[in-house]
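We will go from stop to stop, and each stop says what to select.

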Amino acid sequence: MASPLLCLAAAAALAAALLASTPEAWRPAATPPPLPVLPIPSAPQLKWQRREVIMFFHFGMNTFTDSEWGTGAEDPSLFRPAALDAAQWVGAARAAGASLAILVAKHHDGFCLWPSAYTDHSVRASPWRAGRGDVVREFVRAARAGGVDAGLYLSPWDRHDARYGKEVAYNEYYEAQLHELLTGYGSVSEIWFDGAKGKNATNMTYHFQEWFQTVKQLQRSINIFSDDGPDVRWVGDEKGFAGTTCWSTVNRSMITIGEAGIEKYLNEGDPRGRDWVPPECDVSIRPGWFWHKNETAKPLSQLLEIYYNSVGRNCVLLLNAPPNSTGLVEDADVARLREFGSAVATIFGTNLAAGSAARGSSERGGGFAARNVLDGRDDTYWAPAAEDGRRNGYWIELRRPPGSAGRPFNVVRIQEHVALGQRVERHAVYVDGAPVANGTTVGHKRLHRLPCAVAGGTVRIWIAARRGPPLLSAVGLHHDPFVEADSS
Ligand code: FUL
């Protein structure tokens, strides 16, 4: 007969085994996330937004003719980059912190950087690699090898091709080239449809709707850029600056592709917009988009200014670095990109709010605590209770631990969990009760550079949001040692 002690041990072992095999049964039911507020981003849009900095490479016939807009009459024999090395371009992109790089495969002059079967005006007619080269192929291979995703730009405006102006013939040509680029080179993460066109250019109706649908048929997780999206829209200037109010929500039907002078409208978006189309800020590291012998890269302070006014205003920064006529990004430009990438890493690598006690005006409960804003993750967030904040707004407060309260910061970072919609309409930041910054939208990321460093113990952010409670995924306090001027 078994002893009572042995029986007890067996019962305990059985209970332990049961617990281990059915752990779910013993957990309290989880609190579900709050409902999304439409529109919300698609998975590729969300991935794109979190990249924050991406690269542009303008390279082509203009590189050899010292121009920005070629006429289309250029002789392909001019294209002879003696030392083209796409891996060097990709290294430059990585140094800047970019995880996606977009190559201009054809600019307005119509010269194709890949041996297109549909035209003679391409690398095939050039002396480069004895006419057997393919810049697009070298670029996508180098990007893949370097862990960077590839994107392509195919100019609708074509000053070379005789079909331009003949609606069906040119649109067929353009579609055929889209097929070549989107089926021949593996995965393409972004395609750029440039709305630019000279004032006296031939009249031409582009079949944007057909092009967009073709692109989506050929590449499932691609983002399409054009003035009005459908996935990514133009911010409305080429300075790299977004407006201080910046919604990812717009009504696409209100934007006309190719319409100039619409910066203000594009910058502001529309809180009631039905379409999720976040803006991208394109800007060149040099004055021109293409390489010119006598131009140099912008100083670090200017690049950081651009970063604060693009990434820091809910946009993705598309930074152009033009390879030169030997086929390399100049050393000085690579050095500047590296300086920029490491400056951003230095500023944002340390969160001076780490270790703070976080408290919200209310909490939804479950896994949506205020302290989530400090865990460095995009997928966790503070959610207030649904009934909170409707009258006087919401707030979140960070009490810095005694040791770090004295460490000064001059940048405040606020991030919304935009996967469930963009909600914040107004916000203000207080340090120990004194206002230090305020603004309208937040979106994926809002950065405030303060006029001077502050060293308070309690930081409180007040938020007004009409479209459901704000969901904050991050709050950061940082010290920027590079620039002191305010831009926000
Ligand atoms: C513009 C073009 O006209 C420029 O040459 C450049 O490609 C820029 C990114 O877009 O619209």
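Before moving on, a word on the model. It is predicted: local features need pLDDT of at least 70, side-chain atom pairs count only at pLDDT 80 or more, and totals for chains, interfaces and linings use all residues. Residues are numbered from 1 along each chain as its sequence is written, and side-chain values use heavy atoms, with hydrogens and water left out.

**Stop 1: around the ligand**

Select His108 next. An N or O atom in the His108 side chain is 2.9 Å from an oxygen atom of the ligand.

**Stop 2: two domains**

Color residues 43-347 as domain 1 and residues 357-478 as domain 2. These bounds come from an automatic or database domain assignment. The C-alpha centres of the two domains lie 34 Å apart. Where they touch, domain 1 gives 20 residues and domain 2 gives 20 residues. Contact here means heavy atoms within 4.5 Å.

The area buried between the domains is about 1,800 Å², and carbon and sulfur atoms give 54% of it. Buried area is the accessible area (1.4 Å probe) that two parts lose on being put together, summed over both. Select Arg50, Trp247 and Tyr308. In domain 1, these three lose the most area to domain 2, together 31% of what that side buries.

**Stop 3: charges across the interface**

How many salt bridges does the rule find across the interface of domain 1 and domain 2? It finds three. A salt bridge is a side-chain nitrogen of Lys or Arg within 4 Å of a carboxyl oxygen of Asp or Glu. Select Glu305 and Arg449. They form a salt bridge, with their closest N and O atoms 2.7 Å apart.

Now show helix H2 (43-51) and helix H9 (300-310). Each supplies at least two residues of the domain 1 side that touches domain 2. Helices (H or I, at least four residues) and strands (E, at least two) are DSSP runs, numbered from the N terminus.

Stop 4: Lys216 lies in helix H7 (residues 208-218) and Asp231 in the loop between strand E5 (223-226) and strand E6 (232-234), so the pair ties together parts that are 15 residues apart in sequence.

**Stop 5: backbone details**

Stay in the loop between E5 and E6, where Pro230 sits. The peptide bond from Gly229 to Pro230 is cis, with omega near 25°. Jump to Leu38 and Pro39. A cis peptide bond joins them too, with omega about 0°. Pro39 is in the loop between helix H1 (4-21) and H2.

Finish at Asp66. Its phi is near 60°, a positive value in a residue other than glycine. Asp66 is in the loop between helix H3 (61-65) and helix H4 (86-95).

Note on methods: A polar contact is a pair of N or O atoms within 3.5 Å; within protein, one must be able to donate a hydrogen and the other to accept it, and residues adjacent in sequence count only if both atoms are side-chain atoms.
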